[in-house]
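Me: I would like to go through the aromatic rings of a protein chain. Please show the sequence and the structure.

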Amino acid sequence: MEDGWGADVAALTRWLENSAGTAPAERTRVCVAVAAGLFAAGLTRPPFPVDAGEPWLSCARAFWALRIQAEPGVATAVACARWLRDDSGLPAERRSVIAWEWSFGFGVEARASVESDHDLTAAAGALTGRDTSEVYAFAAVFHAAKLYGNLRFDELGCFLEGSALVLGAGEGFQGGALVTALRGFAARGDRRHTTVYADGLLDRAWAADPGSRLVVEVCLHALALAAPGHGVGERLCARAWEAVTTWPDDHVLWGRLAAGQRLCGRAAEARVSIDTALRYLLDAGEWDSPARTVYLRERDLIGSMPHPDAGDVDVPEPRPVHTDLPGVAVPRLAFLAMFLVGGLVVLVAAGTTAADASWRTRLGQEALLGVSLLALAAGVCAALRLLLRRWERTG
């Protein structure tokens with residue numbers, strides 16, 4: 001640290017400490033600002049442990065993100081892994097979770113800078129005997145995430161099979177859920193492997209660690225990139241729904257669920273899911289991130305579906321009906337009904353009228369009979385038309 005920066009670093013640290021009780025949005029803003037100040041001061045690592053949790057952990061993450069952005073190589077990832085191991089103050093179990101999240105996230109963010117095999121070999125050779133499998137694993141996930149973010153399936157598969165960084169991380173890492181999920185992701189896009197092989201790896205990873213948010217994300221991404229058909233939409237829906245029940249505030253998982261529902265033709269449900277993803281994206285303060293463009297594009301695809309309110313794809317299509325049925329059959333049926341009912345009324349009236357009734361009485365009865373007949377015919381015709389229209393709608 002250069003002379004004159006000590007007071008500034010102390011002030012930044014106090015500012016960070018005072019933000020502990022503020023609202024999440026304000027705390028995030030302070031963490032980013034403090035990290036930028038520490039980086040500008042020339043520090044190469046955060047000057048505080050993070051075992052106390054927030055806001056220290058978020059500030060440390062923001063600091064290392066700035067270092068990765070400035071030097072997006074494996075060497076910087078190794079420096080971060082060493083700091084986590086030696087100076088973060090985190091217990092091993094908690095440190096492992098943070099290491100996967102950071103290394104993968106940093107790698108995706110730095111995917112524009114992918115090192116060559118020669119550079120990777122040199123970076124692996126620079127590791128010393130005191131660098132444990134934990135450091136190797138951090139560096140391996142960091143580089144794998146770059147290939148993952150760029151959809152370089154073949155290179156990702158080859159890297160996970162024989163890289164010195166992966167081998168140095170040990171057999172436990174190589175057979176772990178995250179690497180298995182990444183191998184399944186790579187196999188999904190590698191023509192040398194079958195869909196059955198790729199799905200087997202993804203299923204194994206999902207079953208091995210269903211509580212890992214990172215493993216779930218990789219598996220869902222692999223399904224989302226698969227070609228439609230062969231039950232892909234149904235599998236994506238089922239897995240994504242399981243994920244959002246575990247992480248209900250995660251906009252990425254809601255976006256995957258919307259894509260699966262669209263593939264299944266469930267447009268109404270997909271519209272709700274993608275709107276939920278956009279809402280949680282805004283709540284997370286990430287509205288200006290690339291995810292917004294992805295979700296809005298998905299929303300447009302859902303909106304362009306032919307029957308946005310059709311519901312589930314298992315609903316059968318209505319049977320075709322003859323649209324001219326009401327216009328032809330109704331008058332015929334009404335005429336027949338009028339004839340039958342009219343004849344019945346005439347017979348009843350003739351049988352109930354006295355033989356010695358005057359012509360005025362008979363004329364009144366005939367007039368009343370005519371009006372009743374017309375009203376009855378109109379009612380029968382209207383009832384038949386309603387019944388036939390309902391029949392036409394339902395098939």
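Me: Which residues form one aromatic cluster?
Reply: The model is predicted: local features need pLDDT of at least 70, side-chain atom pairs count only at pLDDT 80 or more, and totals for chains, interfaces and linings use all residues. Residues are numbered from 1 along each chain as its sequence is written, and side-chain values use heavy atoms, leaving out hydrogens and water. Rings of Phe, Tyr and Trp (its six-membered ring) pair if their centres lie within 6.5 Å; planes under 30 degrees apart count as stacked, over 60 as edge-to-face and the rest as tilted. The one cluster is formed by Phe39, Phe63, Trp64, Trp83, Trp102 and Phe106.

Me: How many aromatic pairs are there by this rule, and how are the rings of Trp83 and Trp102 arranged?
Reply: The count comes to 10 aromatic pairs. Trp83 and Trp102 have ring centres 6.4 Å apart and planes at 5°, so this pair is stacked.

Me: Is Trp83 buried or exposed?
Reply: Buried means under 20% relative accessible area, exposed over 50%, and partly exposed in between (1.4 Å probe, protein chains only). Trp83 has a relative accessible area of 0%, so Trp83 is buried.

Me: What kind of pair do Tyr148 and Phe185 form?
Reply: Both Tyr148 and Phe185 are buried. Their centres are 4.5 Å apart with 45° between the planes, and the pair is tilted.

Me: Which residue lies over the face of Trp206?
Reply: A charge sits over a ring if NZ of Lys or CZ of Arg is within 6 Å of the ring centre and within 35 degrees of the ring normal. At 4.7 Å from the ring centre of Trp206 lies Arg239.
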